[in-house]
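Here's a quick tour of one protein chain. Take a look at it before reading on.

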Amino acid sequence: MKSLVLLGSVVVAVHARTTTTDIFTVCDGLSGVIGCTRELEFPLGSSPVFCTIDGGEEQCGIEIEVDTENICNAIDSALSDDGKFTRKAEVHCGCLPDAQRNHDDHLKDGDTLQYLWKGSLLYDLNAAYLGDLIETESCLIDNGFPYQIGRSQAISKFLQPKDGWKVLRLQEVNMAVYRSLVAATWTCTFDVDNCDKAQLRSFFVNYISNSDGVSSSELTRMLQSWLTLFGTIQKKIEAVNKAATTVQARLKSVSSKVSTIKKNICQKNACKGKTASSYLTKVSKAFTATKTLNNIPAAAAKATKNIPKAKKLTQTCLTSATTPAKEDYYYEMFLTSYFGTVRDLPKAFKLVEDLPAAASELKTLVAPMSDLTKHSTGARGVQSHLNGILSQNWKASKELAKTKASRKVRDGFVQIQTLVKRDLQPPVNDLVKALAALNTDLDKFPLRRKKLEFKYGAVPYERWSTQDWEVPCAQEIYEEFQQGDFSDGRYFTKIEVCDFGPNRPGLTIPTSTSSFSWFTSFIPSGKMDDISEQLSKLACTTCRKQKRKCTRELPSCHLCRKNGRHCAYPNDHGGQDAASSPRNTFPILFFLDSYTFKQRSSAVKNPSIFGFPEEFLEIINRGGEHVSQSLEVFFATVHPIFPIVSKRYLEKQISSEGYSADVLLLLHCIDILLPQDNEQMPSSQAAYLRAKRCLHFMEDLGVISIRSLQAVLLLAFYEVAHAIYPAAYLTVGHCARLGHALGIHDRRNVLQMFPTPMSWTAVEEIRRTWWGVIVVDRFVNLGLSDRPFSCEDARPEDLLPMDDTLWDLGEQVVTPSLAVSSDTDLPATPFARTCQAAHLLSRVLSHIRIGSNMKSPSNYYSEGLQLHNILSSFRLALTQEASNEEPQVLAAYSSALGLCFSALISLCDNHSCADLDDLSGVGTPEQLRMQQLALQSLHGIGEWMWEFASHLNLLLEGSECKYTVSPFATESLYAAATQYQWYIQETGREELMPAVDAMKQTLRLIGQRWKVGEQYLAILEGEEV
């Protein structure tokens, strides 16, 4: 979020053109060059020296002739720089050697200065030394010493906002500022008790005041927009509350008036007809659904209560972004070693500490506001109910115009429509609009569905000299002269040419950045670890060496597979081979000794998805919008017939906790169930195989939870629906084992792997999941009726699922609970009916299985009669409930109807003829009665199935609900068609062939969605399957 630029001194090293030397040798040999105060001698030649010896002159020595030249002239003559070196000799032999000396002195012993280049430690440096650096740097810069800084390149490459990351740059930290920082922090670093708090804060106050770009930065603009947004959200919540309150007030008034109308028009059983009773049921359901919205005002009050807190938190962050903190804040930084490097300088702004904590709390505060928008589903449902009430034109109804009593009913219905349209529909429409507007505004707040990622570190850059120029090197040269037999020599200073080249000491730009990310599991908030460094540690050795992007798949990445290379992963921090990470962390104590597991309060943890193979992460890497779209399609098509996953609870879990391993597996298994006519959806076969691989990967990691059970159950549903055997049979058994391990098959009496959730929505979800296992297992056993079930039957006292609509809405209202032992005539919602049908199917299959081993024929046939009566009564209740004119109702009941008919056909087929190989019980009154009843019932069942198939065909040939017909209806259609074909063959009654054709057409249409329909059809038509 903040960017600081640290400048160091320029250091220039030396390398010789002709002689190896350094700047110190250069300038030591050029004493007097500053001011041109030195004269250099140079030889002109030599001459003999004659002496008088014994009265005669003869050579007695040699004389060396010299001349002098000013050192500056000598240098100018040697160099071709037009006198530049000598004119700035004070620079070249003054501050330049000082810079080199300071650099070398602090590198050779403790690498002290190296910390400065890395932007690290504040201690081990002192203000006096930094003063020398400042003077040296000033000398070089003031005298035009050429150098360059790689700062702009570093900023361009590393500090630009991209990939959602925001970068805020502050005042640059040059050497003078750095010296002030060291001086201000010196005593606090080494003598905390005598820390000068005022001086410490003074530095930060000055630093913050010079960071002019903060007040107009993207960060502060974002915080200011949040303040405005919370004000807008408050008004939208008030609008929701007002509309919801009006709805309940109007509902009370309209309900009272409708009750009066019903009492007036329904005298003498005038409303007992199918048309009238169906409409009044529709009105009653609409009012019941509207009543479920009565919790909205309380939810709105809870959300409103959080607005002032959210504003206060945001304002605190905004203030701490531009205002210095109190003395104790900066003192505490040093007291706790929270500040010891230049990289920590962003902490001058208390926002570094405040924003991550505030972001977490803001996310919590916004959650009730998001929960309020979840009522949109219920409100739209009520809107749909009301539209259904108003859609029928009773004024034109001929059926209710035949008698005076029926016309009275018709007029009463018109009055009801007028009341609903005038008094109830407008506030409901207002509520739907208000909730949609609130949801739109909440989506503008990034922390609603995302998580703030925050980090700070250092970006390297270089500062270097660019001068490549000649410098004078003084060489002491011994020159010898010869005159006759005499020779002599002496040393002269000779100026030669050497040359300097570029030198690059490294520097850094301390930074901190922030972004909002969906994938909270990948980047832990507030960590200093560099993201690219984390990912590179997961790359294989070959990809790291070649600096190529690695897919990080096990056992071999994509690039290594493509090139046929061995793929190896480096060791991680813990010494484990990265190829084996992530690891199985499931506590095996649970299975070895569950009692000790419970006593030790051990816990089962869900592993992080960090480091998972890319092919499993791809489903969430597509983006949050794709995940949301997939969930919307799933809950619109599969959920109505197999409602085991709470949409509200799953979305809340993803929003607050991110993508855990079990949720990732669940998303893969949801993906395979999506309709395939959408081009954006993945290939069903490819998605299925990937889901299977993901499941095996999760099993290796020891992932067990209610979400993983739901995932495997949806996988089993897919395999059953597409007749993928024996996989389907085995996967259902896997589901049962998982449920037993979790303990959800008997939550009252056995050890639970996880604590019982506090949310009633979650408790209901667990109940529905286990019922889902039972339903799929019983359907699988229809073709293998002599095989044992993979899970036990529900007990009489076990509860059935509650109202589907109320559970989806998350509304907890007082409703009568239905148990397995409850009378099947009592009204129930579709999934509860499906569970009842599965339970009755269990009893039928168990009854058939014990038939050949019966010890008491009388009891056996009596049980058959009892089952027949229960199933007949149950079928009647189902057909009445499913006879609603709305197509989605029949689709929702298709599972229950299919399983009920399968149970009836299996029971009657079993008893329709006597077992000629085993005459025990044959001919008894009970057996004869049961056989006669079975034969009669098979004719009736055929007619019911013909009607059932005809209704399904109308539904499947349309577009509204063609994806929501259950695959559990297919076996009953196949069994009934088989019975008809046998009957036609035996009796020759070809007029019954349209019934067979209708059932085949239904299987054909279902087969377009669920392949099991195609397989049953192929058997009927004599094909190999």
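This is a predicted model: local features need pLDDT of at least 70, side-chain atom pairs count only at pLDDT 80 or more; totals for chains, interfaces and linings use all residues.

Residues are numbered from 1 along each chain as its sequence is written, and side-chain values use heavy atoms, with hydrogens and water left out.

**The whole chain**
- You'll find 37 helices and nine strands here; these are DSSP runs numbered from the N terminus (helices are H or I, at least four residues; strands are E, at least two).
- Of the 1025 residues, 50% are buried (under 20% relative accessible area, with a 1.4 Å probe, protein chains only).
- Take the contacts (heavy atoms within 4.5 Å) between residues at least 6 apart in sequence: 76% of them join residues at least 24 apart.

**Helices α28 and α29**
- The axes (lines fitted to C-alpha atoms over the stretch in contact) of α28 (residues 727-742) and α29 (residues 760-780) come within 10 Å and cross at roughly 150 degrees.
- The two helices are therefore roughly antiparallel to each other (angles over 145 degrees).
- On the α28 side, Tyr729, Val732, Cys735, Ala736, Gly739 and His740 meet Trp770, Val773, Val776, Asp777 and Val780 in α29.

- Strands β2 (residues 39-53) and β3 (residues 56-70) run antiparallel, joined by 14 bridges; pairing takes at least two DSSP bridges.
- Glu41 sits opposite Thr68 in β3.
- Two residues lie between the strands, and Asp54 has a positive phi near 55 degrees.

Conventions. Axes are lines fitted to C-alpha atoms, for helices over the stretch in contact, and angles run from 0 to 180 degrees between N-to-C directions. Angles under 35 degrees count as roughly parallel, over 145 as roughly antiparallel, 65 to 115 as roughly perpendicular and the rest as oblique.
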